[in-house]
Amino acid sequence: MRLIIKEDSAAVGLWAAKYVRNRINSFLEDNWDEARSAAGKTFNLGLPTGSTPLHMYKNLVQFCKEGSLSFKHVRTFNMDEYVGLPMNHAESYHTFMFENLFKHIDIDPNNVNILDGNADDLELECEQYEKRIRDAGGIDLFVGGIGADGHIAFNEPGSSLVSRTRVKSLATETIEANRRFFQESGVDVPKRALTVGVGTVMDASEVMILITGHHKALALHKAIEQGVNHMWTVSALQQHPGALFICDESSTDELRVGTAKYFKGLMEEHDKLIE
Ligand code: GLP
């Protein structure tokens, strides 16, 4: 596991965006012929919503504008979507992704995958999503955020750590945290969502989790300093060989001084990953 500690959320977003750019660009260097062939091999990127990744998205858009990054050979899979919320609602994750990333970059819309929370058969939609990931060759890098209760995607406390994509009833804490977004929208806060499972995330070759703010400090402590526990689903990543946590200073408030010191000491080494 790698823990990158940056000063604030803007620095977290920049580091994360540089890492994503590096992974995409090295994939293209290694697979240029296959990417350009009829089969169209893609770099498969898992993506989150929420306020935490906003800085990362801004930087990715900027890199595309500058020409140091292209999404032409990237296929994306979003983590989750609300059930029953119209796709074009201002708070749907479809809208979020379009507004904050997809409409600004050169991705082929056919390569964008987001769960359909309005599908007639939600279970079938989840099964097919897993199949789409498998057919694409698996996810190369899954980027995620977490809730203050340590949930990853919508894998609420108590979720199976080998869970797959499915319908999930949201925890009270998550519903309350989301209420602010729905106050003026005329619809009630959704109580169910479709989400990739912890097992789906764990299958990715690499997982990068962004954590910012003091309110996530306990979750970060549980994620990396205590045992694997289904009440803090992000802690499953302790068993992932390619897990990266990118955090700001205030989210490290509950870590042992020694833990923070150790990882800060490795920063020069870790910065080589984004050069
Ligand atoms: C929701 C999403 C998660 C996200 C979390 C935190 O629960 N399903 O994927 O990580 O919100 O959001 P924020 O970054 O706004 O704190």
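A nitrogen atom of the ligand comes to 3.2 Å from a polar backbone atom of A153, where a polar contact is a pair of N or O atoms within 3.5 Å. Keep in mind that this is a predicted model: local features need pLDDT of at least 70, side-chain atom pairs count only at pLDDT 80 or more, and totals for chains, interfaces and linings use all residues. Residues are numbered from 1 along each chain as its sequence is written, and side-chain values use heavy atoms, leaving out hydrogens and water.

**Ligand contacts**
- D80 has a polar side-chain atom 2.8 Å from a nitrogen atom of the ligand.
- K216 puts a polar side-chain atom 2.8 Å from an oxygen atom of the ligand.
- On its own the ligand exposes 390 Å², and the protein buries 92% of that (Shrake-Rupley areas, 1.4 Å probe).

**Around the ligand**
- Residues with a heavy atom within 4 Å count as near, and those around the ligand include G50, Y93, H151 and F154.
- Sorted by class, this shell has four nonpolar, five polar and two charged residues, with Gly counted as polar.

**Salt bridges**
- The whole structure has nine salt bridges (a side-chain nitrogen of Lys or Arg within 4 Å of a carboxyl oxygen of Asp or Glu).
- R164 pairs with E130, their closest N and O atoms being 2.9 Å apart.
- R164 is in the loop between β6 (141–144) and β7 (166–169) and E130 is in helix α4 (residues 122–135), so this pair ties together parts 34 residues apart in sequence (helices are DSSP runs of H or I, at least four residues, and strands of E, at least two).

Key:
Polar contact = N/O pair within 3.5 Å; in protein donor to acceptor, adjacent residues only side chain to side chain.
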